[in-house]
Amino acid sequence: MTDNKNVPLFSPLTLRGITFANRLWVSPMCQYSSPLDGVARAWHQVHIGSFATGGAGLTMMEATGVVAVVAPEKPALLGLISMMAPIIVGGNTCVILGSATMPLSAVTFAEVLNSSDVPSGVVNILTGFRKELLTQFASHMDINAIAYG
């Protein structure tokens, strides 16, 4: 049996001066059961609090929103999918800038998404030169986060 102290998952993590007890993070579950005022109620405190008291290093109450993804150049398709999947599973939408050198994989994947059960508008794929599009990603007022691969 492995000692939990030696496993990186259970070791502390410091980001920008904030230290988390471990690397177990609970993603947002989009539990929108509040009245129209959007204030968290007792139900939210019990539900989310159970994760916090259960030992998770970080518990997020809600999704980020729109996440811009700069997919890696290689591997083009696997890199794009591995960056996109956790974002949409967390309840977010994403705008993906596919590989500039191998854009066909991104375009083909967009066709697959079009015929799938993923709701339209959840995944948006762009192709083009990074030099031209990164400034737009960084300055667009509707983008809440950027994931760079």
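Here are some notes on this predicted model, going from its sheet to its pocket and then to a few backbone details.

1. **The sheet.** Start with the open sheet, which has four strands in the order β7-β6-β5-β8, with parallel pairing. Which strands sit at the edges? They are β7 (123-126) and β8, and each of these pairs on one side only. Going from one strand to the next, the twist averages 20°. As background, strands of a sheet pair through backbone hydrogen bonds, either parallel or antiparallel.

2. **A pair of strands to look at.** A handy landmark here is Ala 68, which stands opposite Ile 146 in β8.

3. **The helix on the sheet.** Now look for α2, which packs on the sheet and touches β5, β6 (93-97), β7 and β8. Its direction makes about 165° with that of β6.

4. **One residue and its surroundings.** Ala 147 lies in strand β8. What does Ala 147 touch, once its neighbours within four places in sequence are left aside? The contacts are Val 67, Ala 68, Val 69, Val 70, Met 83 and Ile 87. Compare sequence with space, too: Ala 147 and Ala 71 are 76 residues apart in sequence, yet their C-alpha atoms are 8.2 Å apart.

5. **The largest pocket.** This pocket holds about 290 Å³ of space. It is lined by 14 residues, and the closest to its centre are Thr 64, Val 67, Pro 86, Ile 87 and Asn 92. Two elements give two or more residues each to the lining, namely α2 (76-89) and β8 (145-148). By type, the lining has 10 nonpolar residues, four polar ones and no charged ones. Val 67 and Ile 87 have come up already, as contacts of Ala 147.

6. **A quick check on a helix.** Just after α1 comes Gly 55, with a positive phi of about 110°.

7. The peptide bond from Lys 74 to Pro 75 is cis, with omega near -10°. You'll find Pro 75 in the loop between β5 and α2. The other spot is Arg 16, which has a positive phi of about 50° although it is not a glycine. Look for Arg 16 in the loop between β1 (13-15) and β2 (18-20).

Key:
Residues numbered from 1 in each chain as written. Predicted model: local features only at pLDDT ≥ 70, side-chain atom pairs only at ≥ 80, totals over all residues. Heavy atoms only, no water. 1 Å grid on protein atoms, 1.4 Å probe; cavity = no way out; pocket = protein on both sides within 12 Å on 5 of 7 lines; lining within 4 Å. Points joined across faces, edges and corners; volume = space filled by probe spheres on them. Nonpolar A, V, L, I, M, F, W, Y, C, P; charged D, E, K, R; others polar. Pairing = 2+ DSSP bridges. Axes fitted to C-alpha atoms, helices over the stretch in contact; angles between N-to-C directions. Contact = heavy atoms within 4.5 Å.
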